[in-house]
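Me: Let's go over this one. Start with the charged pairs, please.

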Amino acid sequence: AGFSGSTAGRATQAALPVILGALVTKGKTEAGANDLLNLSQQFSNVTDHQGNLSLNWLNDTNEVSKLEGKGQGLLGSMFGNVDEITGRLGTALGGSGANAKRLLSMMLPMVLGVLGSQARAKKVSAGGLSGLLGGLSTHLTGLLPMGLGSLAGLLGLGGAAAASTVAPAASATASAAVRPTPSVPPTSTTTTTTTTTTEKKKGGFPWWLIPLLLLLLLGGCWLLKP
């Protein structure tokens, strides 16, 4: 997938909980878990007769390409925003989004193949699988390699939740900044004096800070984008 040396092992360890997080999200319902079981049947060649992972097929480049192609076709249904997920994962691993996409495309079929083979060997139903996946969700963060805790946001969130929490905050800030201040017409000498005094007090506030803060906020949001 483009990773080499010690980076390859670290990348694989980081990608595994991200994939499991997607399976946990997909398998929250019995129908979703049943879909996972059906999908896993096309990847039975990655396991041996006991349902354990077998890597013999890695010696066949055609099999590798075929498996990667099938895995890539599943990324969209497993991850909400594939480009955001792969971009953040690739950056965290010191690679690119394309490297991370290839890695997920190859590992997803392997994880699905083992999951389905083990479930069928132990006669686990779709409802049982859904329960097992649900119990796995609290352990995903602990599977991340040391120093990659920032990837916890990718474990089952699909990248959309993080974006949705930033946008309303920026929108609210912008709305508050452009909201006009209602003017109060002077109805008496006392009112006029009070209004003038208030305006003098307001005049001491450095209002030029508001567009500067908005500029910094927009710049920060742009920098946080993958």
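**Salt bridges**

Reply: Arg-88 and Glu-84 pair through their side chains in a salt bridge, 3.7 Å from N to O (Lys or Arg side-chain nitrogen within 4 Å of an Asp or Glu carboxyl oxygen).

Me: What's the basis for the model?

Reply: This is a predicted model; local features need pLDDT of at least 70, side-chain atom pairs 80 or more, while totals for chains, interfaces and linings use all residues. Numbering starts from 1 along each chain as its sequence is written, and side-chain values use heavy atoms, without hydrogens or water.

Me: Back to Arg-88 and Glu-84. How far apart in helix α4 are they?

Reply: Four residues, so about one helical turn separates them. Helix α4 covers residues 82-92 (a DSSP run of H or I, at least four residues).

Me: Is Glu-84 buried or exposed?

Reply: Glu-84 is buried at 15% relative accessibility, while Arg-88 is partly exposed at 26% (buried is under 20%, exposed over 50%, partly exposed in between; 1.4 Å probe, protein chains only).

Me: How many salt bridges does the structure hold?

Reply: Four. Among them is Lys-66 with Glu-63, 3.6 Å from N to O. These two sit three residues apart in helix α3, so about one helical turn separates them. Lys-66 is partly exposed at 46%, and Glu-63 is partly exposed at 24%.

Me: Which residue does Arg-102 bridge to?

Reply: Glu-68, with the closest N and O atoms 2.8 Å apart. That pair links distant parts of the chain: Arg-102 is in helix α5, Glu-68 in helix α3, 34 residues apart.

Me: And their accessibility?

Reply: Arg-102 is partly exposed at 38%. Glu-68 is buried at 13%.
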